[in-house]
Amino acid sequence: YDAIIFCSSLHDLPDPILALQKARDLLSPAGGKIIVLHPQGASHVQKQAQANPILVQRGLPTSSELKELEGLDLVIEPAASKSLDESKDGYLAVLKSK
């Protein structure tokens, strides 16, 4: 695939990091991209996880977690949780296959 998009869904999966690794394996080697977005941001997802940990088991990946993914470069870093940028832009991360 040229692109795989997780729109307000990655945090609902049992293991978001594993989901990103599997998505990486499906990307075309010539610069395929993974796009992760949530319009309300990471702090909203974290509140969901606290309110209902059975349904939302964890928050969205941090920049550090995304940077550690092998075979992917983080080309657009998500805004920090509870930051002004997050309140304006939500959560957006773009990873590109190496």
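D73 and K98 join their side chains in a salt bridge, with 3.6 Å from N to O. This pairing ties together distant parts of the chain, 25 residues apart: D73 lies in strand β3 (residues 72-76), while K98 sits in the segment after β4 (91-97). Here a salt bridge means a side-chain nitrogen of Lys or Arg within 4 Å of a carboxyl oxygen of Asp or Glu. Helices (H or I, at least four residues) and strands (E, at least two) are DSSP runs, numbered from the N terminus.

Before we go on, a word on the model: it is predicted, so local features need pLDDT of at least 70 and side-chain atom pairs count only at pLDDT 80 or more, while totals for chains, interfaces and linings use all residues. Residues are numbered from 1 along each chain as its sequence is written, and side-chain values use heavy atoms, leaving out hydrogens and water.

How open to the surroundings are the two partners? D73 is partly exposed, at 37% relative accessible area, and K98 is exposed, at 62%. On this scale, buried is under 20% relative accessible area, exposed is over 50%, and partly exposed is in between (1.4 Å probe, protein chains only).

The structure holds five salt bridges, and two others deserve a visit. Side chains of opposite charge can pair when their charged atoms come close. One of the bridges joins R58 to E65, whose closest N and O atoms are 3.0 Å apart. R58 is partly exposed at 24% relative accessibility, and E65 is also partly exposed, at 26%.

Another bridge connects the side chains of D85 and K88, at 3.8 Å from N to O. These two are three residues apart in helix α4 (residues 84-89), so about one helical turn separates them. D85 is partly exposed, with a relative accessible area of 41%, whereas K88 counts as exposed at 58%.

Now turn to helix α2 (residues 42-51), where A42, S43, V45 and A49 are buried. They lie on the same side of α2 because they cover an arc of only 160° around the axis, the arc being that of the directions from the helix axis to the C-beta atoms. What do the buried residues of α2 pack against? Their partners are β2 (33-38), α4 and β4, where contact means heavy atoms within 4.5 Å. That brings us back to α4, the helix that holds D85 and K88. On the face of α2 turned away from its buried side, you will find the exposed residues K47 and A51.
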